[in-house]
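Dear colleague,

I am passing on the structure we talked about. Please look it over first; my notes follow below it.

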Amino acid sequence: MKRAQKSLQFRHLDAGSCNGCEQELNALTSRFYDIQQQGIDIVASPRHADSLVVTGPVTDTMLRPLGKVWEAVPGPKLLIALGDCAAGCGVFQAAYASHGGVAGSLKEPDVVIRGCPPTPQDILDQLLRITAAKDPGPKV
Ligand code: SF4
């Protein structure tokens, strides 16, 4: 596996997920995937993050928190839609309380990781692509 040259510290926000995507995301911290060794970590505060990973279709309840958490991440920053729901095309697409993923509720994501749910390896591959391409950073 290719070793990351740059780090990625992301805050995860569950915006109405079924928790399937979280199960796969959490697997990345296991000894098998060991993302910390790849220079990637999940941080507790958006203030410590350089990117935001969103799961779920963005429900009514999570619409405002999503905006607030995104504002709290210092720039330059990346918005990552993880899973088909966050990408706006999942099984909850037509649900009455769904806002169409991050594109429908905040802005077009910088990175989309498709799947329902994506596998841990799919997620890790995309995150490693980001770290390899990160310098000089996205415009916000
Ligand atoms: S993409 Fe699939 S696994 Fe992920 S939150 Fe939506 S329904 Fe659940």
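Gln-121 is found in helix 4. Bear in mind throughout that this is a predicted model. In sequence Gln-121 is 94 residues from Ala-27, yet the two C-alpha atoms are 9.5 Å apart in space.

**How the strands pair**

Strand 1 (residues 8-14) runs parallel to strand 2 and is joined to it by 3 bridges. Within this pair, Gln-9 has Asp-41 of strand 2 as its bridge partner. Strand 1 also pairs with strand 3, again in the parallel sense, over 5 bridges. Ser-51 has Leu-78 in strand 4 as its bridge partner.

How many residues of strand 3 are buried? The count is 5 of its 5 residues. In a regular strand, side chains alternate between the two faces of the sheet. In strand 3 both faces are covered: Ser-51, Val-53 and Thr-55 are buried on one side, and Leu-52 and Val-54 are buried on the other.

**The chain as a whole**

The protein has 4 helices and 5 strands. Read from the N terminus, the elements follow the order β-α-β-β-α-β-α-β-α. The radius of gyration is 14 Å, close to the 14 Å that the globule rule gives for 140 residues, so the protein is as compact as a globular protein of that length. Along the principal axes, the C-alpha atoms fill a box of roughly 45 × 30 × 20 Å. Buried residues account for 44% of the 140 residues. Of the contacts between residues at least 6 apart in sequence, 81% join residues at least 24 apart.

**Backbone points to check**

Most residues other than glycine have a negative phi, and most peptide bonds are trans. Some places in this model depart from that pattern, and they are listed here.

- The peptide bond from Gly-75 to Pro-76 is cis, with omega near -5 degrees. Pro-76 sits in the loop between helix 2 (60-72) and strand 4.
- A cis peptide bond also runs from Cys-116 to Pro-117, with omega near -10 degrees. Pro-117 belongs to the loop between strand 5 and helix 4.
- Asp-34 is not a glycine, but its phi is positive, near 50 degrees. Asp-34 lies in the loop between helix 1 (20-27) and strand 2. Asp-34 is exposed, because 12 other C-beta atoms lie within 10 Å, and 12 or fewer is the limit for exposed.
- Val-58 is likewise not a glycine and has a positive phi of about 65 degrees. Val-58 is placed in the loop between strand 3 (51-55) and helix 2. Val-58 counts as buried, because it has 30 C-beta neighbours inside 10 Å, and 20 or more is enough for that.

**Around the ligand**

Which residues come nearest to the ligand? Of the 13 residues around the ligand, these are Cys-18, Gly-20, Gly-83, Cys-85 and Cys-116. The shell around the ligand divides into 6 nonpolar residues, 6 polar and 1 charged. Cys-116, named among the nearest residues, is also the residue from which the cis bond to Pro-117 runs.

Best regards

Definitions and conventions: Residues are numbered from 1 along each chain as its sequence is written. This is a predicted model: local features need pLDDT of at least 70, side-chain atom pairs count only at pLDDT 80 or more; totals for chains, interfaces and linings use all residues. A residue is near a molecule or strand if its C-beta atom, placed from the backbone, lies within 6 Å of it. Ala, Val, Leu, Ile, Met, Phe, Trp, Tyr, Cys and Pro count as nonpolar, Asp, Glu, Lys and Arg as charged, and the others, Gly among them, as polar. Two strands pair if DSSP finds at least two bridges between them. Helices (H or I, at least four residues) and strands (E, at least two) are DSSP runs, numbered from the N terminus. The radius of gyration is taken over C-alpha atoms; the globule rule is 2.2 Å times the number of residues to the power 0.38. Two residues are in contact if their C-beta atoms, placed from the backbone, lie within 7 Å.
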